[in-house]
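Please look through the structure shown below before reading on. The text after it goes from the whole chain to single residues.

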Amino acid sequence: MHDYGERIVEASPVEVLDWLKASAGSAGWTLLAVDDFGRGQHVTWVDAGDCGSRKAQLVAMVTPLERGGCRVHLRER
């Protein structure tokens, strides 16, 4: 597992999710699930090129901030 860490982004959560989806897709990841947990979203992609039974996953947690923007935590497992 690789933890890419957490970043504060000044864009809206919708803009960040759109960018993440496009970027992950162009890098060979396939969108698996988008879960809304009330205070943000948990997005999971799988590695389309991984032939193993337990495909690698890219997971993003996007949480809006009260002052605008959002917090993004990205990790690979």
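The model is a predicted one. The protein contains one helix and five strands, and from the N terminus on these elements follow the order β-α-β-β-β-β. Along the principal axes, the C-alpha atoms fill a box of roughly 45 × 20 × 20 Å. The protein exposes about 5,000 Å², of which carbon and sulfur atoms supply 52%. Of the contacts between residues at least 6 apart in sequence, 43% join residues at least 24 apart.

How are the strands arranged? The five strands make an open sheet with the order 1-5-4-3-2, and the pairing is antiparallel. Strand 1 (2–9) and strand 2 (29–36) are the edge strands, each of them pairing on one side only. On average, neighbouring strands of this sheet are turned by 15° against each other, with direction ignored. Helix 1, made of residues 13–26, lies across strand 1, strand 2, strand 3 (41–47), strand 4 and strand 5. The helix runs at about 170° to strand 4.

Strand 5 (residues 70–76) pairs with strand 1 in the antiparallel sense over seven bridges. Within this pairing, G5 has L74 in strand 5 as its bridge partner. Strand 5 also pairs with strand 4, again in the antiparallel sense and over seven bridges. Here V62 has V72 of strand 5 as its bridge partner. Strand 4 and strand 5 form a hairpin with five residues between the strands, where G68 takes a positive phi near 105°.

How many salt bridges are found in the whole structure? A search finds one. In this salt bridge R71 is joined to E6, and the closest N and O atoms are 3.0 Å apart. The pair links distant parts of the chain, since R71 belongs to strand 5 and E6 to strand 1, 65 residues apart. R71 counts as partly exposed because its relative accessibility is 32%. E6 has a relative accessible area of 44%, so E6 is partly exposed.

T63 lies in strand 4, which spans residues 57–64. Is T63 buried or exposed? With a relative accessibility of 16%, T63 counts as buried, because buried means under 20%.

L65 lies in the loop between strand 4 and strand 5. L65 counts as buried because its relative accessibility is 14%. The C-alpha atoms of L65 and V9 are separated by 9.5 Å, while the two residues are 56 residues apart along the chain.

Note on methods
Residues numbered from 1 in each chain as written. Predicted model: local features only at pLDDT ≥ 70, side-chain atom pairs only at ≥ 80, totals over all residues. Heavy atoms only, no water. Helix = DSSP H or I, 4+ residues; strand = E, 2+ residues; numbered from the N terminus. Buried < 20%, exposed > 50% of the residue type's maximum accessible area, 1.4 Å probe, protein only. Pairing = 2+ DSSP bridges. Axes fitted to C-alpha atoms, helices over the stretch in contact; angles between N-to-C directions. Contact = heavy atoms within 4.5 Å. Salt bridge = Lys/Arg side-chain N within 4 Å of Asp/Glu carboxyl O. Areas by Shrake-Rupley, 256 points an atom, 1.4 Å probe, with all protein chains shown as cover.
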